[in-house]
Amino acid sequence: MKASIFITCICDSMYPQVGEAMVRVLEKLGVTLDFPPEQTCCGQPALSSGYWEYARPVAETMLTAFKNSQYVVAPAGSCITAVKEYYPILFEKDPEKYRQAKELSAKLFEFSEFVVKILKKEDVGARFPHRVTYHSSCHARRFLNTDQYVRTLLTNVKEIDYVPLPHEEACCGFGGTFSVKLPEISEAMVDEKARNIMETKADVLVGVDLSCLMNIDGRLKKQKTNVRVMHVAELLDEGMRL
Amino acid sequence: MSERPTLHLRDRAVKALKDDQMRQAVRKAVDRLSANKDKAARELPNWEEWREQTKLIRQHTVNHLDYYLKLLTDNVKKAGGKVHFAPNAEAARKIIADLCKEYNAKKIIKSKSMVTEEIHLNTALEAVGMEVVESDLAEYILQLAGETPSHIIVPAIHKNRNQIAELFSKVAGKKVESDTPALTAFARKILRNKFISADVGITGCNFAVAETGSITLVTNEGNARLTTTLPRIVISVMGMERVVPTFEDLETVLSMLPRNATGQKLTSYVSVINGSRQPGDIDGCEKFHLVIVDNGRSRMLADEEYRQALNCIRCGACFNVCPVYRQIGGHAYGSVYGGPIGSVITPLLEDDIDFWGELPYASTLCAACTSVCPAKIPLQDLLFKLRHRRVSDGYGQVVEKFAFNMWKRFFKLPSTYKFAMKVASLGQKPLVNNGYITAKLPLLANWTNSRYMRAAADTTFRERWEKRKK
C-alpha cells in the first residue's frame, strides 16, 4: 500500500515529531510513504477569515502536490475539512479546479481513519499504561465523522486507563483566527476545556487535530499543569514500542 | 430594527465575560436544554428522517412563499380576519398602532413574540400612550428589568431566581420569595388582571397554516390562549416566512419545535386560532388581524445563497450547543436575534455587512449548530460565506488584509514557504523558553495573554524527511 503524507503547516513547523510518529506507525503497518514536496498549507487561515482570493493560490498547491497520489494521510482533521468542505466552495466557479478538489477529497484521510478504514487495522498492538482522556475535535467529529476510528484504536490499546472527557464534543476555542480576533471568548472556551481535562485527572490528553491540541496545550502549560498533550499517532507509536 | 450597539463585538464580549452570574445561569440552562433535547431525539424513532422532512417542508414553503402567503391571506379573510402586509418595521409599528387607536385601545396584553421585538413594537405603542404588558413570564420579567431577550426561546435565560424575586418585590412593594411557586403565583396574580382588562391582545406566530388560515401558538404557560380569548381584539404578528402549507406539515414542524427547543414532546398549550368569531362559533375574538412583516426577508429570499436561513423554525437549539453563546450569552451579540442563527440573519435582515458583519466571526465554525438544526440549515457554511462577503465588499481590516497578502506570497510556493518557516524558527529564538513563547509581546499578546505559544521546531518535518531519505 502506497500513501502520501500531507503534513500540514502546523505539524511541519511546530510538531515535526508527530509527523515522524505517524510515519513510524504507518510504516510498521506496511505502508510505503512519500512526501510530495510541493505542499505548503491548505489555506485555511485565509479561507475561514473570508480572504478567499488569498487562500486560492495557496490551496492550489494542494491540488498539484497530490495529483499523483493514491492515498493522502494527514495528522489533522481540520486541514482535511478545509479541502473537503471548503474547496468545493472556493473553486465553485472553476470546473477544473473543482474537479481536482473533489478528486483530492476522495483520497484524503485523517490518520486514524486511514488506519482503521483503509488499512483495516483496529488493533495496532500498542500498550499504554497511563490515564488518558480524549478531546473530540469539531472537524473530525462533525464534518469527517472519523471520531469512531480514534475510539476504536484507543479501545484496543492495552493497559490504557481511558477516562471520558466531560463535554468532549465542545470546541476548544481555537477556531484559527478566531483565537486572536476574539481572544477573550477563545480564552473562556479553552479555559473550560482545560478545567474539564483537569477534572478527569488524566495524565495524557490525546486528540487528532494539532491546532486544537496546540491551543489546549498552550492553556494547560500556562496554568503549569503536567498533563501531557499527544496526537493519537504519538500515543500509538510510543505504545507500539513499549 | 436592531439599534446599533455603541460597542463593537469584542468589547461587548469582554463586558459579558465579566458577568459571572449571567454566565453561570446560561451554562446551567443550555446544558439542561441540550440534555433534554438529546433525550427527546432518542425517544423519537428516525430522528434524522424527521429533520430531513422538516427541511423539505421549510424549503418547499420558502421556495413558494408567494403562493403560500396568498393562500394564507385568502383563508384568513375567509375566516373573518383582516391581513396587513408590512414591508418594514416602521410600517408594521404604524399598522399596529393605528389598529389599536381605531379600537380605542388603552391596554394591550402580549404573548411572546420575537418579531415584535424585531420591530420594537412595545416602545412604539407606549409612545402613543398605551399600556403594554408582556404575559410570557420571562418576557414579563425582562419588561420589569428594562431588558431584551437574550435567547429566542428562554428570553430571561441570563437571570437567576434571586434577581427575579428582587424585581417582583419592587413591584409588590414587599418581599417576594425566590422559590418557583411564590414567583409564579405573584406573576399570575398581576397578569390575570391585565388579561381581563386588556382591550387588545397581541401575539406572535409560531406557524401559520396556509390551507386553513390558522395561526398556531405554542406556550407552556397558557398565556397565548388567554391573550387570544379574553380581549375582544386580537392582532397576530408574523415574520413573512413563518408559514407551512398544511396541517399535515404542521404536525411535523410542531413535533420538532418543542423537542428541539426544550426537549418536550409537546408544549403544555398549543393554540390554533382561526380568524374571528363567526355565527355559530362558541368562542373567538370579535376582530382578528394578521400583520405579516417583511423587514428584509424578501431580500433574503431573493438571495439564493442565504435563502435557506429562512427555513429556521426558531427552536433555539443552535444557541444551546453554541460554545460561543455558552460563554457570552445573548446580549453580547447586540442584535435582536443572537446565537448562530442570529449571526447569520442579522447582517442579512439589516442589510449591513459592515457593522453586523462582525457577527459571523463570533463562531469557531465548529458546526455544533449545523449538527443540531432541525431544518438542517448549514449554519457554519453560511457564517463562512458571510465572512467572505464582508471581505469582498471591502470591510476587512487593513492590517489583516496586509497580513494575509504576505502569507499568500510566502505560502503559495514551497521555496518561499520553507524560507518563511526558517525565518520564523530563527527569529523566534530569543523568545523561546522550553519550546514555548510565553512573553506577552504586542503582536502575540492576543494569544500569549491566555496561552503559551508553541514555538517552531529547530528543524521542520520536511527537513527531517529529506535528511532521512539521504
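This is a predicted model: local features need pLDDT of at least 70, side-chain atom pairs count only at pLDDT 80 or more; totals for chains, interfaces and linings use all residues.

Student: Which residues make the contact between H4(A) and H5(A)?

Tutor: On the H4(A) side you'll find Trp52(A), Ala55(A), Arg56(A), Ala59(A) and Met62(A). H5(A) brings Val83(A), Tyr87(A) and Leu90(A). By class, that contact has seven nonpolar residues, one charged and no polar.

Student: What makes H3(B) and H12(B) oblique to each other?

Tutor: The axes of H3(B) (residues 47-63) and H12(B) (residues 247-261) come within 10 Å and cross at roughly 125°. Perpendicular stops at 115 and antiparallel starts over 145, so H3(B) and H12(B) are oblique. H3(B) passes H12(B) in a left-handed crossing.

Student: And which residues of H3(B) and H12(B) meet there?

Tutor: Trp50(B), Gln53(B), Thr54(B) and Ile57(B) of H3(B) face Asp249(B), Thr252(B), Val253(B), Ser255(B) and Met256(B) of H12(B). The classes come out as four nonpolar, four polar and one charged.

Student: Back to chain A. How do you know that strand S1 pairs with S2(A)?

Tutor: Count the bridges. Pairing takes at least two, and three bridges join S1 (residues 2-5) of chain A to S2(A). The two strands run parallel. In S2(A), Asp34(A) is the bridge partner of Ser4(A).

Student: What makes S2 and S4 of chain A edge strands?

Tutor: Look at the order: four strands form an open sheet, S2-S1-S3-S4 in chain A, with parallel pairing. S2 (32-34) and S4 (108-110) each have a single partner strand, so one side of each has no neighbour in the sheet. From one strand to the next, the twist averages 35°.

Student: Which helix packs on the sheet, and which strands does that helix touch?

Tutor: That's H5 (residues 77-90) of chain A, touching S3 (72-74) and S4 of chain A. The direction of H5 makes about 150° with that of S4(A).

Student: Where is chain A divided into domains?

Tutor: Domain 1 spans 2-118 and domain 2 spans 131-241. The C-alpha centres of domain 1 and domain 2 of chain A lie 21 Å apart. Their contact takes 30 residues from domain 1 and 24 residues from domain 2. The elements giving two or more residues to the domain 1 side are H1, H2, H3, H5 and H7 (111-118) of chain A. That side divides into 15 nonpolar, eight polar and seven charged residues.

Student: How many residues does each chain put into the contact between chains A and B?

Tutor: Chain A gives 52 residues and chain B gives 50 residues. Elements that give two or more residues to the chain A side include H1 (9-14), H2 (16-28), H11 (183-199) and H12 (210-222) of chain A. By class, the chain A side divides into 29 nonpolar, twelve polar and eleven charged residues.

Key
Residues are numbered from 1 along each chain as its sequence is written. Chains are lettered from A and ligands numbered from 1 in the order in which they are written. Axes are lines fitted to C-alpha atoms, for helices over the stretch in contact, and angles run from 0 to 180 degrees between N-to-C directions. Two residues are in contact if their C-beta atoms, placed from the backbone, lie within 7 Å. Ala, Val, Leu, Ile, Met, Phe, Trp, Tyr, Cys and Pro count as nonpolar, Asp, Glu, Lys and Arg as charged, and the others, Gly among them, as polar. Domain bounds come from an automatic or database domain assignment. Angles under 35 degrees count as roughly parallel, over 145 as roughly antiparallel, 65 to 115 as roughly perpendicular and the rest as oblique. A crossing is left-handed if the near helix is turned anticlockwise from the far one by less than a right angle, and right-handed if clockwise.
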